[in-house]
Amino acid sequence: MDDELAGLLAAGERAAFHGRPASGVAGLRQAVELAQSADRTVEATAAVWMLGVCLGASGRYGGALTVLEPLAGFAAVESERATFVSLAASTIASLQRQLGRHAVGRTYDEAALHAAQDSAEARFDAELGLAADAVGLGESEVAAAQVEQAAQLNEDRHDWWRQRVRLDWVRAEVALLLDEPARALQHATAAVAKAETAGAPRHVAKGLLFVGVAHIELGDDAEAAVHLRRSASLAESLGAIPLVWPARAVLGTLLVGAAAGESARCLAAARAAVRAIAGDLPAELAAEWVARPEVADLLTG
């Protein structure tokens, strides 16, 4: 059983961070059941967290929240499980941000920070999440301070590829919020390079999205289009719907006057992606999602 469980967890981790997220769902569900039946609470908690990651990364937000919410009860847990309980709360916060609910995300990130105990990995995700929440809420000074606080936990951890990539993403977001696109481009480019080195294509796709947006802000639409096309194509190949819709939407809008046919195809793909996300959400959240201004504009445009 130990070898089977270890194999399922390893395969799930590869799917979550190095492959097609949806391909990890079935195996991680099996890992959860196997670990729970053997009373292996740490492995069960880790499997639930990674299952939530895989579901969320493939656009199944409703399924991810259903899986993660029971884990993120925020009650005190033994230290061996604290990392994964905290990471589950941070993942919920990320999903809430992607739905445009940054204040709700902040609540979960604060809870994640409380649940992290002495886990540096979990504290990092919570601290960085709080920075991203502040970006979404337009709190530039809070975001800038919070992201550097998270960075302090990352200074000597050269093995933390995922954390280093995500740190560059949020630094790019903060720079864009501060109207510093050149600095945003620098951080986004660094994120892409680190993700490529780690063999993490989904993270590459998100980094390329930031690169494209930074080029738009710098007035270089042609270069932006190159990176947005690559981001969208890579995201589509991975089934990473949460990245497909913004990459295709931004690219489609960018090309409206220059390449009408490609623009229309991009916008249609973006609409299909946001509808797919809505289709997995509970009715109330789905209604809130499609009413989000940029989503509503996309669907009615």
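This passage describes the overall build of one protein chain and the setting of one of its residues, Ser58.

The model is predicted; local features need pLDDT of at least 70, side-chain atom pairs count only at pLDDT 80 or more, and totals for chains, interfaces and linings use all residues. Residues are numbered from 1 along each chain as its sequence is written, and side-chain values use heavy atoms, with hydrogens and water left out.

The protein chain has 16 helices and zero strands. Helices (H or I, at least four residues) and strands (E, at least two) are DSSP runs, numbered from the N terminus. The radius of gyration is 19 Å, close to the 19 Å of the globule rule for 301 residues, so the chain is as compact as a globular protein of that length. This radius is taken over C-alpha atoms, and the rule is 2.2 Å times the number of residues to the power 0.38. The C-alpha atoms fill a box of roughly 60 × 35 × 35 Å along the principal axes. Of the 301 residues, 52% are buried, meaning under 20% relative accessible area with a 1.4 Å probe, protein chains only.

Ser58 sits in the loop between helix H3 (41–57) and helix H4 (61–68). Ser58 counts as buried because its relative accessibility is 7%. A polar atom of the Ser58 side chain lies 2.9 Å from the backbone oxygen of Cys54. A polar atom of that side chain also lies 3.0 Å from the backbone oxygen of Leu55. Leaving aside residues up to four places away in sequence, Ser58 touches Pro21, Ala22, Gly239, Ile241 and Pro242 (contact means heavy atoms within 4.5 Å).

Key: Buried means under 20% relative accessible area, exposed over 50%, partly exposed in between (1.4 Å probe, protein chains only). A polar contact is a pair of N or O atoms within 3.5 Å; within protein, one must be able to donate a hydrogen and the other to accept it, and residues adjacent in sequence count only if both atoms are side-chain atoms.
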